[in-house]
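Okay, thanks for coming, everyone. Let me put the structure up, and then I'll walk you through it.

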Amino acid sequence: MNIDKRIADDMAANGISFVTTVPCKQLAGVIEEIDQREDMLHIPSNKEDEGMGLCAGAWMGGKRPAIIMQNTAIGVTINTLATLIQYYRMPLPMLISYRGELREPVACQVEMAVHTKALLAQLNIPTYHLHWQKDVEELDNILKYTFMCNKPVAILTDANFWGGYGDQ
Amino acid sequence: MIRSEILREIAPTLRDQLVVCNIGIPSQELHAIDDQPSNFYMLGTMGLASSIGLGLALAQPKPVIVIDGDGSILTNLGTLPTIGNNAPSNYILMIIDNGSYGSTGDQPTYTSQRTDLTGMARAAGCARVVEVQDVDTGPVLEEALASGEATVMVVKCDSGNAKMPVITMDPVVIRDRFMKAIAS
């Protein structure tokens with residue numbers, strides 16, 4: 001299975017046509033896949049809160065959006081999630097590289113990993129953790145759920161899901 | 001001129017357009033001067049008006065006017081390269097540059113000293129950037145709408161706020177009527 005294509009296909013099948021990204025090494029393949037697709041507009045953003053603003057506007061303009069980012073971004077975007085995405089009741093699937101989990105080689109990444117689920121729980125953001133590659137089978141249902149309830153939803157994907165980080 | 005005087009002058013132009021308005025006193029002023037379903041008022045999230053407007057302009061063909069401020073642009077400076085590289089022809093970013101953080105007590109921003117937002121927007125890749133004096137805002141905005149090009153306007157004006165009531169409309173109502181105006 002080509003996991004990057006599978007993810008992009010599920011997003012397209014759920015009508016997602018506007019994607020903004022802030023890169024992570026684990027997400028490089030899926031970002032490249034999305035960038036090449038003609039059924040998705042890919043607008044890279046410089047910071048994740050900026051990206052959420054783009055998604056909010058795109059959704060109000062009639063396109064289903066998604067953001068692809070690293071879990072460190074939860075620290076950047078709490079205010080945006082609370083006062084824009086949640087306050088105005090907007091759907092936002094967040095495909096998140098969950099750095100600092102099992103098979104992580106960079107110790108500093110663990111420092112935000114230990115806060116990630118707690119912060120998402122504090123924000124009442126539905127959170128799914130994909131650990132094995134077969135867990136991608138949930139993605140279609142998660143995306144349907146997101147656009148059903150008009151909430152931000154976190155999809156955490158760790159190094160094990162991506163088959164290890166680099167040589168680890 | 002201060003911001004509210006500019007908004008009052010351009011209200012007849014804004015009335016027929018999709019407007020995304022910056023957090024705080026700018027939204028309160030626009031709401032009090034000429035509330036329209038086609039206005040999206042930001043109630044929180046400082047800095048993202050330009051990004052919300054850009055996403056909206058990319059998603060649909062109607063013109064989008066973003067009313068932003070120098071302080072909010074400075075807090076989300078990454079927006080300028082994203083605009084410079086992606087803004088479609090229906091996007092107008094109007095930065096009311098009064099050199100101060102109006103909603104928090106008129107503390108000076110760096111644009112009141114050495115920082116030049118017009119130059120920064122150009123350096124970020126924005127092709128059509130127009131620096132405007134407050135009294136010329138109306139005609140320049142009309143030109144921007146007629147130009148068929150993405151435009152960044154930097155409107156130089158005086159610091160100061162009109163005293164207007166806080167917006168008490170529910171955010172979902174603001175968003176819902178805005179989406180209906182977009183779709184109509």
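So, to start: in what order do the six strands of the open sheet in chain A stand? They go E2-E1-E3-E4-E6-E5, and the pairing is parallel. Quick housekeeping: this is a predicted model, where local features need pLDDT of at least 70, side-chain atom pairs count only at pLDDT 80 or more, and totals for chains, interfaces and linings use all residues. Residues are numbered from 1 along each chain as its sequence is written, while chains are lettered from A and ligands numbered from 1 in the order in which they are written.

On terms, helices (H or I, at least four residues) and strands (E, at least two) are DSSP runs, numbered from the N terminus, and two strands pair if DSSP finds at least two bridges between them.

Back to chain A. Strand E2 (41-44) and strand E5 (127-130) are at the edges with a single partner strand each, so one side of each has no neighbour in the sheet. Neighbouring strands are turned by 20° against each other on average, ignoring direction; axes here are lines fitted to C-alpha atoms, for helices over the stretch in contact, with angles from 0 to 180 degrees between N-to-C directions. E1(A), residues 16-21, is joined to E2(A) by four bridges, and one pair there is A:Thr21 with A:Pro44. Lying across E3(A), E4(A) and E6(A) is helix H4 (residues 73-86), at about 160° to E6(A).

Now chain B. Its open sheet has six strands too, in the order E2-E1-E3-E4-E8-E7, with parallel pairing. The edges are E2(B), 39-41, and E7(B), 129-133; each has a single partner strand, so one side of each is left without a neighbour in the sheet. E1(B) pairs with E2(B) over three bridges, with B:Val19 opposite B:Asn39.

How many residues of chain B are in contact with chain A? It's 25, touching 25 residues of chain A, where contact means C-beta atoms, placed from the backbone, within 7 Å. Helix H3 (49-59) of chain B is one of the elements giving two or more residues to that side, and H3(B) gives the most, with eight.

Last stop, the inside. Leaving aside neighbours within four places in sequence, B:Met94 is in contact with residues including B:Ile65, B:Leu141 and B:Met153.

Definitions and conventions
Contact = placed C-beta atoms within 7 Å.
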